[in-house]
Amino acid sequence: MRTYIGSHQVLNPAEFEELALGYDELPLGIDRDLFRGPLTPESPEERAARLDVAREVIKELAAQGAGGDEVAAWDALYADALTRTVPFLRAARAAGRFAGTEEAA
């Protein structure tokens, strides 16, 4: 099956995003790492600081949403959901199932 955006055939996922969104970089907006955490390990102090900032941002977005900004309301829901996710690579490393670990599956 072939995928087209406009008259351009999409050959890979990166090209699909570029053609669909019209730019090479991720759009400005929510910093997913702020809410879900980085892929690399972080200290307990860094995690606490990151989560404090994330809670404040969610609170501000929710307040904007309550004031009638529908996009801010959706962003608040999305950001809140991200706080309850764990990036796959970090979860795999924690479970000892990453290719770089000594433990055999």
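In this predicted model, confidence is highest in helix H3, at a mean pLDDT of 93, and lowest in helix H5 (residues 88-94), at 66; pLDDT is the predictor's confidence in each residue, from 0 to 100. The protein has a mean pLDDT of 77, with 73% of its residues at 70 or more. Helices are DSSP runs (H or I, at least four residues), numbered from the N terminus.

**Basis of the values**
- Residues are numbered from 1 along each chain as its sequence is written, and side-chain values use heavy atoms, without hydrogens or water.
- Local features need pLDDT of at least 70 and side-chain atom pairs count only at 80 or more, whereas totals for chains, interfaces and linings use all residues.

- Where pLDDT is low, predicted coordinates should not be read in detail.

**Helix H4**
- Ala72, Ala76, Ala79 and Leu82 of H4 are buried (under 20% relative accessible area, 1.4 Å probe, protein chains only; exposed is over 50%, partly exposed in between).
- These residues cover an arc of only 125° around the axis, so they lie on the same side of H4; the arc is that of the directions from the helix axis to the C-beta atoms.
- Glu70, Trp74 and Leu77 are exposed on the other side of H4.
- H2 and H3 are among the elements covering the buried residues of H4.

Notes: Helices (H or I, at least four residues) and strands (E, at least two) are DSSP runs, numbered from the N terminus. Contact means heavy atoms within 4.5 Å.
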